[in-house]
Amino acid sequence: MEIMWIEKILLVVIVFAISLGTAAYSTLAERKVSAFLQDRIGPNRAGIFGILQPIADGVKLFFKEEIIPANADRFLFVLGPSLFMITALMTSAVIPWGKPLDLGGRMFDLQVTDINIGVLYVFAVVSIGVYGIMIGGWASNNKYSLMGALRASSQMISYELAMGLSIIALIMMSGSMSLKEIVAQQSGELYGISFLKGMNWNIFYQPLGFLIFIVCAFAECNRTPFDLPECEAELVGGYHTEYSSMKLGLYLFAEYVNMFVSSAMMASLYFGGYNVPFLEMLNLPYNVEVFVGVLAFFTKIIFFIFFFMWIRWTIPRFRYDQLMKLGWKVLIPLAILNILLTGFGMILTK
Amino acid sequence: MSVLSLTNRKKVLQKRKLTFAESIYLPAIFSGLMITIRHFFRRKSTVQYPEVKKPFSKVFRGRHILKRDEQGRENCTACGLCAVACPAEAITIVAAERKKGEEHLYREEKYAAVYEINMLRCIFCGLCEEACPKDAIYLTEETAPASYSRKDFIFGKDKLVQPLGTSAHPKTFKPYVKDNKPYQYKNPVNTKI
Ligand code: SF4
Ligand code: SF4
């Protein structure tokens, strides 16, 4: 029993470290990707390829002066970024990183916890995350921050709906809300063709659902083209205008953690998680297979993170009314249509 | 319409309703993504500055040098033509007469005891170079360095006169062409500017 606990704690620490590490290197990757997309080279002075840049940035943020505005609510001002960071990190608990490892006959789950309502849990935690922004923006006692916070929360509410509706269609198909279940179901044969083993990914059944999901994920992560809460051109810095030092660091950093987690969600909900097509044909030892699966999962995650950045440096930001129109008048009806289509499809193929 | 137009390339744009393909944004976003990804693999145009320096144009006009002749004597005779030619009035000269025994220092009987150029006034037009009858002043390929106080920008003879023992300056100073031919570019890369 104790050994189970130690293993779980170890896994938690590893997942924590990986989330933070990936987020740290996403900041570097963001700068590199943006540079490359703009025919530049990007940071390359701290270590080769700028490998040490995230550390340098972190150290710099730590040594910056800490400013709390005189009229700010001190408690809430500090609570805001902490809450945002905590919720960003909490989501990774239900993500299945790979098949269970075989430790000499005992199976060890590569998932911190398998809640049977995993998808719902992620949604719940993510929607608490907006309180981090809201509280921070309100506590700053600054109109730009408040505007940013308002935008963030209304955007969250609008897109959370469409996102939830797009997931409903997926849950109708899988019949389970456990992420482990959903990923495990995607290991089968695509459209029942025995050759396409390990390709039974939901993206082939739910392309429209995925499209809605990814658009909403961009909005939930406050990424371009939906980065209105921090929109530099209009709101100075949005909800984190008044923040400095590591509290600003937490906000910026949590955005990358969020990006990592939503990439992981997209990969596991729609792109088969740790499943690799045709892997079983190679007849590898079981644990090697697990390892390859984990690697494949991370490859998918990294691709989605890259996609986030690729989009950011390609298209401009939406106008606020366009954002709302897209959310309420386009995505939500589309998501409902998707549910109907899925229902019909299920009846027809039964 | 009888509106006068300089060129007839003017186009009147009218706002029209978006087509369906445009209104769902996705095709446009996709083609945008394709454009940016092409740039991702393109050769980068960054110049790694301290290690790599972009060469200046052959006719670049930088900070000045007061030349010496082959025997190490100063060319300048303090005639003041450069100061007259200078549109920015950046040059100040105080003339002095050459004493006996100073022939190895100054080529002419009269020389500039003080020769100052205010680098904050100078517009690097090169008119002083053109005005000089004695081949004394030249604009080099070196930029005037930054400084903290105004008085450091007044370059006296200590900074302007060519160091003793150097002939044509090896690296920074422009080769010395004294005919009126325009400079020939060896590899015409950036001639469009
Ligand atoms: S370069 Fe032009 S502005 Fe400068 S000192 Fe010579 S004449 Fe004057
Ligand atoms: S630099 Fe030339 S133009 Fe100027 S004072 Fe000396 S000799 Fe005359």
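This report walks through how two chains meet in a predicted model, and through the spaces found in it.

## Where the chains meet

Let's start with the contact between the two chains. On one side there are 17 residues of chain B, and they are in contact with 18 residues of chain A. Together the chains bury about 1600 Å² between them, with carbon and sulfur atoms giving 67% of that area. Three residues stand out on the chain B side: B:Leu33, B:Phe40 and B:Lys44 supply 33% of the area that chain B buries against chain A, more than any other three residues.

What kinds of residues does chain B bring to the contact? The side that touches chain A divides into eight nonpolar, six polar and three charged residues.

## The largest pocket

The largest pocket holds about 1100 Å³ of space. Its lining has 39 residues, and those nearest the centre are A:Leu326, B:Ile24, B:Tyr25, B:Leu26 and B:Ile29. From chain A, α7, α10 (286–312) and α11 (320–349) each supply at least two lining residues, as do α1 (20–23) and α2 (26–40) of chain B. The largest share, eight residues, comes from α11(A).

In chain A, α1 (2–37), α2 (53–63) and α9 each give at least two residues to the lining, with the largest share, eight residues, coming from α2(A). By class, the lining has eleven nonpolar, eight polar and ten charged residues.

The largest cavity has about 240 Å³ of space. Of the 19 residues lining this cavity, A:Val122, A:Val126, A:Met163, A:Glu220 and A:Ser262 lie nearest its centre. Helices α3 (74–90), α4 (118–139), α5 (143–174), α7 (207–220) and α9 (245–270) of chain A each give two or more residues to the lining. Sorted by class, the lining has twelve nonpolar, five polar and two charged residues.

## A look at B:Asn118

B:Asn118 sits in strand β3 (residues 110–118). A polar atom of the B:Asn118 side chain lies 2.9 Å from the backbone nitrogen of B:Leu120. Leaving aside neighbours within four places in sequence, B:Asn118 is in contact with B:Ala90, B:Phe153 and B:Ile154.

Definitions and conventions:
Residues are numbered from 1 along each chain as its sequence is written. Chains are lettered from A and ligands numbered from 1 in the order in which they are written. This is a predicted model: local features need pLDDT of at least 70, side-chain atom pairs count only at pLDDT 80 or more; totals for chains, interfaces and linings use all residues. Side-chain values use heavy atoms; hydrogens and water are left out. On a 1 Å grid over the protein atoms alone, a cavity is a set of points where a 1.4 Å probe fits but cannot get out, and a pocket is an open set with protein on both sides within 12 Å along at least five of seven lines; lining residues have an atom within 4 Å of a point. Grid points are joined across faces, edges and corners, and a volume is the space filled by probe spheres set on the points. Helices (H or I, at least four residues) and strands (E, at least two) are DSSP runs, numbered from the N terminus. Ala, Val, Leu, Ile, Met, Phe, Trp, Tyr, Cys and Pro count as nonpolar, Asp, Glu, Lys and Arg as charged, and the others, Gly among them, as polar. Contact means heavy atoms within 4.5 Å. Buried area is the accessible area (1.4 Å probe) that two parts lose on being put together, summed over both. A polar contact is a pair of N or O atoms within 3.5 Å; within protein, one must be able to donate a hydrogen and the other to accept it, and residues adjacent in sequence count only if both atoms are side-chain atoms.
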